[in-house]
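Trainee: Could we go through this model together, one question at a time? I would like to learn how to read strands and salt bridges.

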Amino acid sequence: MTRLLGLVIRNWPLKLGAVALATLLYGGLVVSSSDTPFEGSVPIEAIGVKSDVTILSDLGAVRQIRYLAPDDLGLRLDSASFRATVDLTDVIPSEDRRSVAVEVVAIDPRIQVLDYEPRRIVVDLDAVVSRVVPVRVVIGPVPSGLDIGDPVAEDAEVTITGAASIVSRAVEVQARIAVDASGIDVNRLVDLLPVDAAGEPLSPVDAEPASTRVRLAIFTDRQTRTLPVRPVVAGSPAAGCEVAAVSMEPLVVAVEGDVDDLVALEVADTAPVTITGATSDIVITTTLELPDGIQALGSPTVTVTVTLRPL
């Protein structure tokens with residue numbers, strides 16, 4: 001104990017002088033600086049957020065920042081002069097909301113932040129998950145005098161990604177289209193909207209793909225007609241082989257459309273069946289490629305068989 005006391009009082013004049021000098025220097029800093037309030041707001045940023053975690057709550061902003069700055073700086077401060085963050089590195093998504101500390105620093109190191117509000121905020125985190133859901137075309141009111149066919153979406157299903165608590169409520173994605181009074185057929189990309197069982201949009205949820213091509217025939221004088229199917233074969237088989245026969249099932253298909261469009265239609269072509277480099281018979285189910293405004297009644301697919309033989 002005596003030895004410890006001796007160490008404390010050894011060179012006490014020098015130690016006392018050092019304390020006095022530090023006090024004078026700090027006092028000089030305070031005198032040459034001003035305790036000033038910042039009246040703006042600084043948005044709070046999240047750092048350390050993992051890729052499989054999403055933030056559901058609004059982080060808000062920091063206000064009432066008080067700081068010290070030397071009077072001779074002549075600074076003009078705005079929201080970009082400060083940075084407010086919350087570190088979510090160690091925060092695990094759960095059903096409970098978490099309180100985390102807010103940190104505020106000045107971009108200019110000569111400015112010392114003294115106080116700010118809020119010191120803590122509550123964040124709501126959730127895990128990021130993905131699901132496959134069906135696509136459904138939703139058609140708006142049909143103007144008087146028009147008739148519509150069955151809508152066809154290019155994608156039957158899409159993958160949605162978002163917070164687990166929101167994605168679990170999704171039942172489908174909707175492609176919503178409006179029918180124009182001009183009677184022009186629909187053939188365009190339509191944005192996809194994830195919805196719940198009540199048809200209410202869900203957000204934030206991303207769909208992949210975000211849009212799909214929708215085709216909808218609109219009729220002013222609806223008629224039906226039966227047309228022979230014409231298979232379209234593209235390319236050539238491998239060397240030493242040739243096409244012996246091409247057949248299809250069904251042979252004919254019923255189509256519908258405006259009478260003016262049907263008059264000029266003689267056959268119903270299939271989508272091209274590629275046989276490039278083939279060495280054996282090809283059997284493939286393909287779709288019909290009908291003009292806009294014409295659609296097949298029943299199944300729009302055809303099974304095409306290309307029979308090959310050696311030269």
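Trainee: How many bridges join strand E19 to strand E22?

Mentor: Before we start, note that this is a predicted model, where local features need pLDDT of at least 70, side-chain atom pairs count only at pLDDT 80 or more, and totals for chains, interfaces and linings use all residues. Residues are numbered from 1 along each chain as its sequence is written, and side-chain values use heavy atoms, with hydrogens and water left out. Strands (E, at least two residues) are DSSP runs, numbered from the N terminus, and two strands pair if DSSP finds at least two bridges between them. E19 covers residues 222–230 and E22 covers residues 252–258; they run antiparallel, and the number of bridges joining them is seven.

Trainee: Which strands are the edge strands of the open sheet of four strands?

Mentor: The order in this sheet is E23-E19-E22-E26, and the pairing is mixed. An edge strand here pairs on one side only, and that applies to E23 (268–269) and E26 (295–296).

Trainee: Which strand pairs with E10 in the parallel sense?

Mentor: Let's go through the partners of E10 (residues 125–139). Strand E3 (residues 53–55) pairs with E10 in the antiparallel sense over three bridges, and strand E13 (residues 157–163) is antiparallel to E10 over seven bridges. Over five bridges, the parallel partner is strand E14 (residues 172–177).

Trainee: Which residue in E14 stands opposite Val137?

Mentor: You can follow E10 by its partners: Leu125 is the bridge partner of Ile55, and Pro134 stands opposite Glu157 in E13. For Val137, the residue opposite in E14 is Ala175.

Trainee: Is Ser81 buried or exposed?

Mentor: Ser81 is in the loop between strand E4 (61–70) and strand E5 (82–87). Not counting residues up to four places away in sequence, Ser81 touches Arg76, Val105, Ala106 and Ile107, where contact means heavy atoms within 4.5 Å. Buried means under 20% relative accessible area, exposed over 50%, and partly exposed in between, using a 1.4 Å probe and protein chains only. Because its relative accessibility is 13%, Ser81 counts as buried.

Trainee: How many residues apart in sequence are Asp147 and Arg222?

Mentor: A salt bridge is a side-chain nitrogen of Lys or Arg within 4 Å of a carboxyl oxygen of Asp or Glu. The side chains of Asp147 and Arg222 meet in one, at 2.6 Å from N to O. Asp147 lies in strand E11 (residues 147–148) and Arg222 in E19, so this pair ties together parts of the chain whose separation in sequence is 75 residues.

Trainee: Which residue is linked with Asp147 and Arg222 in a network of salt bridges?

Mentor: Asp147 is partly exposed at 31% relative accessible area, and Arg222 is partly exposed at 34%. Together with these two, the network includes Glu256.

Trainee: What is the relative accessible area of Arg230?

Mentor: Arg230 and Asp269 meet in a salt bridge (2.6 Å, N to O). This pair links distant parts of the chain, with Asp269 in E23 and Arg230 in E19, 39 residues apart. Asp269 is partly exposed at 22%, and Arg230 is partly exposed too, its value being 43%.
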